[in-house]
Structure formats: C-alpha cells, structure tokens
Amino acid sequence: MKKVVSGTLLQEKMKESINSLCDTVGCTLGPKGSNVIIDHSLFTPFITNDGATIAKNIVSEDEVVNTILEIAKEASLKTNDIVGDGTTTTLVLLQSLFNSSLTYIEKGINPIFLKKKMDLYLSEILSILETEARKPDENNLLQIATIAANDNYLGNCAFQAFQTVKSKNAIMIKEVLENQLTINYLQGYTVETELLSDYFLKEQTNITFTNAKVLIIHDYLSNLENISFILNDCMKNKEPLIIFVNEYDETAFKEIVSLNLSNELSCCVLKISEYGLHQRKLESDIEALTHAKIIENYHFITPENLGFIEHIMINKNQARFDFQNNSQILQYVDLLKNEMNEYHDEFELAFYQKRIAMFQNGLAEILVGAPTKTECHEKKMRLEDALCALASCEDGILLGGGVTLLKIAEELEAKDEVKAIFKEALQKPFFQILENAGLDSSKIYQEIKKNNFQKIYNVNTEKFENVTHSSIIDPFQVTKTTLCNATSIATMLFTTKSLVINEHENQLNKTSEYTEL
C-alpha cells in the first residue's frame with residue numbers, strides 16, 4: 001500500500017535518519033576515533049572504523065527512516081567510489097549542512113532559493129580550497145598513507161607497494177592464514193586464466209615454458225584439422241606451444257591433452273577468465289607481447305599467426321609473461337593510454353590502469369595475515385584506505401585534521417544564511433576529530449587561531465607542529481569530494497517536501513501516522 005509522509009513529520013524523520021547515521025559514523029573520525037562492531041546474518045561479526053562500511057550496514061525498522069537513510073548513505077558511498085577515502089568526513093559535513101539549513105527553512109527561508117545559493121557558494125569555496133593545495137613529495141605520500149591507514153606499518157607497506165607499481169589498481173590485497181604481512185612483486189604481464197586440464201601441469205603447481213610459440217584462437221576450436229599444420233610444425237621442431245582458446249570441442253581438446261601426455265608435443269591450453277570485450281582486449285595485449293595474430297577465421301590460419309614468448313609461467317589461475325620492453329610495446333602502451341582517456345566509468349578505468357601497469361611496472365600482491373579473521377579483515381580495509389588516499393594525491397595535498405576547512409571557515413563572515421551554514425559545517429570535522437580523541441577542542445582551536453594557522457595540532461603525539469613540517473595532511477581530491485557530495489545530498493533532502501513509500505504489511509499494523517494514498 002502507498003503511504004505519503006510530508007510536512008513536519010517528514011522533517012522529524014529526516015533529522016532522525018541523518019543524526020542516527022552521522023552520529024554512529026562520526027565517532028570513528030580521526031586517529032583516535034572509535035571502532036564499530038558490525039553484525040552480519042551470514043558472516044562473522046567484524047570491527048571497523050571505515051565510514052562507508054559502517055554506513056552500508058545501518059538500517060531501521062521504520063520504512064520512512066530507512067528510505068531517507070539510503071539517500072543519505074549515498075554521500076558517503078559516492079565518496080568511497082570516487083576517492084576511496086573521506087567517507088566519515090562526508091557524513092560529518094552532511095549532518096551539519098542539513099541541520100543548519102533546516103533551521104533557516106523553519107524560519108521561513110525558501111529551500112529552493114537556499115539550495116541555489118549554496119550550490120553557487122560551494123564553487124567559491126572549492127576555488128579557495130584549490131589555492132591551498134600543494135604538490136606532495138615522497139615523504140608527504142608516506143604521511144598520507146599512514147594517516148589513512150591509521151597505522152605506521154600498514155601505511156608504509158601501502159606506500160612501498162604504490163611507489164613500486166605506480167597504480168592502485170595494480171595492487172591486490174589478499175587475506176592469508178599466516179600471522180604476518182608480506183608484499184610480493186610480480187614482474188611481467190599477468191593474465192587471469194582457466195587451465196583447462198590439470199594434466200598440463202603434470203602433478204606440479206606450476207609449469208614454465210621457454211622459447212614457446214603462442215596461438216590465440218578467438219573462435220570455436222572444433223577439430224584439430226584446423227590447426228594440424230601448426231601442431232605438426234611444433235612437434236617437428238620440438239617447440240612448446242601455448243594455445244589460448246575461447247570455446248572448444250571436447251574431442252579436439254582431448255586429442256591435444258593426449259599429445260601432451262605422450263610427450264609428442266609440449267603444450268598447454270588456456271582460456272582467459274574475462275568475457276566479451278574485456279576478453280578481446282586481453283587477447284590484444286597478448287598479441288602485442290608475443291607478436292601473434294589473433295585467429296578469427298580458420299581459412300586464413302598460417303604459421304605467421306604464431307607468436308613467440310621467451311618465458312611464460314602457468315598455474316591453475318594465471319599465466320605470467322616475462323618480456324623485454326621495446327619500441328612496439330611502448331607504442332602499444334601509448335595506444336592504451338589514449339583509449340583510456342575515452343572512458344569515464346571507474347570500472348573501465350581500473351581495467352585499463354591495471355593493464356598499463358603490467359606493461360610498465362608489474363603488479364604488487366599484499367598478503368595480509370593476523371591472529372584472527374576479524375583483525376585480518378580490519379587490516380585489509382585500512383590498507384585499501386591508504387591506497388585510495390595515495391591515488392587521490394595527483395591534484396595536490398592540503399593541511400589535514402580538518403585545519404584547511406577550519407581556516408576557510410575563519411575567513412568567512414556569516415553575513416547571510418548560506419555563509420553561516422558553511423562556516424559552521426567547515427569547522428565541524430576539526431572539532432569532531434579532537435572530541436573523538438577526548439581533547440579540549442576549544443583550547444586547541446584558540447591556540448591555532450592565535451598563531452594565525454601556522455601551527456597544527458597532532459592528535460597522535462598531542463603536540464603542536466609547524467605547518468611547514470607537519471605530517472598531518474590530506475589529499476586535495478578527497479577534501480573536495482567530501483564537500484561536493486555532502487552538499488549535494490543535504491540540499492536534495494531539505495528541498496524535499498513529501499515522501500511516497502510502499503509500506504510493508506507488518507509496518508501498517510504498527511503505526512497510523514502516515515497518510516494513506
């Protein structure tokens with residue numbers, strides 16, 4: 001049944017939703033913020049201070065509150081999608097912007113007029129923010145990683161991996177049983193594959209081929225007659241053969257396995273794990289590495305279709321090509337970079353960035369272990385936050401700890417309602433961080449203000465630092481994204497006058513405060 005909620009009741013439900021969400025997440029902000037335990041019906045409960053993860057798991061039995069919660073969560077989740085960090089700050093800003101705006105709306109300010117003015121003034125704030133940004137050095141990047149991970153060791157591990165491979169999407173984080181953390185660097189081009197038979201490994205965990213021929217079939221391998229000339233040539237010259245197939249006939253495949261087991265032909269048949277266009281692009285990468293020509297029509301198959309690789313290691317899940325960079329590969333990488341510029345989808349960009357990284361710097365694999373699964377999972381999320389923060393530093397860095405926003409707020413004169421709203425919101429992250437650490441925020445604020453923002457307070461050491469040597473920094477892109485997303489959701493919510501919901505039957509029996517439609 002459809003129900004309508006509007007007027008004062010809707011405003012109360014909005015306040016309840018926003019405050020419930022933001023108070024729960026806000027307590028985790030800063031290096032001395034608290035953790036939150038999250039129960040899960042299907043998995044073991046876990047502990048985290050990651051804002052987006054906590055937000056995802058906050059629900060209400062009240063359908064109206066729950067609907068508003070889902071909209072409010074978008075601010076944090078969108079920030080997480082774009083920069084992977086700053087999710088808690090987003091909600092702290094959202095809460096202040098929404099509550100302050102609602103106060104003025106209750107006094108008679110038109111919400112649509114207020115939204116337009118806030119959108120315009122946000123652009124001015126972002127321009128000021130941009131002037132505060134500066135280019136990071138290696139030490140700054142290490143500090144960024146340490147702050148995001150809230151741990152010196154984890155931050156350093158994330159920094160070392162990122163500096164080596166130069167791309168967040170070229171770093172894989174895996175949970176392991178051992179109580180330690182190790183980083184493995186995988187040089188060469190690694191493609192996820194399905195090994196179509198364990199017989200190719202001959203009771204080994206992996207197999208290595210040297211000076212092997214490479215055949216890429218982007219077609220259905222129906223029978224061996226189509227490639228018999230290739231097989232005979234490899235057997236005659238005793239050359240190993242690596243075959244990448246899309247689909248295959250079982251009988252033809254068994255014949256290849258038989259040739260391998262009888263040692264007539266040293267070979268391996270693989271299928272790329274991706275599908276569709278991604279599979280075709282990975283085949284193009286292998287084509288560039290080996291100089292093979294992809295077979296799409298058996299009428300044109302010749303020995304010239306074969307590629308060559310000096311060294312390839314294969315296991316059940318992947319194939320790794322060792323190669324030497326040359327002018328052709330460099331040209332191919334430039335081609336990939338140009339193609340990537342045509343995409344704006346995060347998933348596609350990550351796909352391209354990982355491929356480019358493998359051609360240039362290889363991959364990094366961080367193996368995370370801990371005494372318990374709960375701690376292991378929590379460490380993994382901290383590492384992910386650190387890597388996301390590092391990837392967000394391309395546009396520069398700012399003074400952290402909420403000080404940059406506080407500085408901008410100090411320069412604002414609350415002459416109208418919009419400036420007053422932003423002035424209060426921009427101060428909020430700074431005070432929240434200090435309050436979460438149990439510190440006297442007003443005393444610290446006065447000291448920073450007295451020194452004209454040339455000093456910053458380090459919550460970890462509980463000492464003041466000169467801003468020119470401070471380790472408290474944030475990526476510009478993260479701060480910008482938090483402001484944009486918080487303002488977007490806050491203004492969308494306070495310009496809403498009615499909510500129409502599909503109320504569940506059990507909820508109808510509990511309350512009659514909503515208007516039936």
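User: In this predicted model, is K15 buried, partly exposed or exposed?
Analyst: The relative accessible area of K15 is 32%. Buried would require under 20% and exposed over 50%. Because 32% falls in between, K15 counts as partly exposed.

User: Which residue meets K15 in a salt bridge?
Analyst: The side chain of K15 takes part in a salt bridge with an N to O distance of 3.4 Å. The pair links distant parts of the chain, 91 residues apart, with K15 in helix α1 and its partner in helix α4.

User: How many salt bridges does a search of the whole structure find?
Analyst: A search of the whole structure gives a total of 17.

User: How many residues apart are E417 and K117?
Analyst: The side chains of E417 and K117 meet in a salt bridge at 3.6 Å, N to O. E417 lies in helix α15 (residues 417–436), whereas K117 lies in helix α5 (residues 111–132). The pair thus links distant parts of the chain, and the separation is 300 residues.

User: Is E417 buried or exposed?
Analyst: K117, the partner of E417 in the salt bridge, is partly exposed with a relative accessible area of 25%. For E417 the relative accessibility is 14%. Because buried means under 20%, E417 counts as buried.

User: Which helix holds both K450 and E447?
Analyst: The side chains of K450 and E447 meet in a salt bridge at 3.5 Å, N to O. Being three residues apart, K450 and E447 are separated by about one helical turn. K450 is exposed at 65%, while E447 is partly exposed at 23%. The helix is α16 (residues 441–450).

User: What is the volume of the largest cavity?
Analyst: The count comes to one cavity of 30 Å³ or more. The volume of the largest cavity is about 40 Å³.

User: Which elements give two or more residues to the lining of the largest cavity?
Analyst: The lining consists of Q11, M14, L102, I105, L493, F494, T496 and K497. By class, five of these are nonpolar, two polar and one charged. The elements that give two or more residues are α1 (7–26), α4 (87–106) and α17 (476–494).

Conventions:
Residues are numbered from 1 along each chain as its sequence is written. This is a predicted model: local features need pLDDT of at least 70, side-chain atom pairs count only at pLDDT 80 or more; totals for chains, interfaces and linings use all residues. Side-chain values use heavy atoms; hydrogens and water are left out. On a 1 Å grid over the protein atoms alone, a cavity is a set of points where a 1.4 Å probe fits but cannot get out, and a pocket is an open set with protein on both sides within 12 Å along at least five of seven lines; lining residues have an atom within 4 Å of a point. Grid points are joined across faces, edges and corners, and a volume is the space filled by probe spheres set on the points. Helices (H or I, at least four residues) and strands (E, at least two) are DSSP runs, numbered from the N terminus. Ala, Val, Leu, Ile, Met, Phe, Trp, Tyr, Cys and Pro count as nonpolar, Asp, Glu, Lys and Arg as charged, and the others, Gly among them, as polar. A salt bridge is a side-chain nitrogen of Lys or Arg within 4 Å of a carboxyl oxygen of Asp or Glu. Buried means under 20% relative accessible area, exposed over 50%, partly exposed in between (1.4 Å probe, protein chains only).
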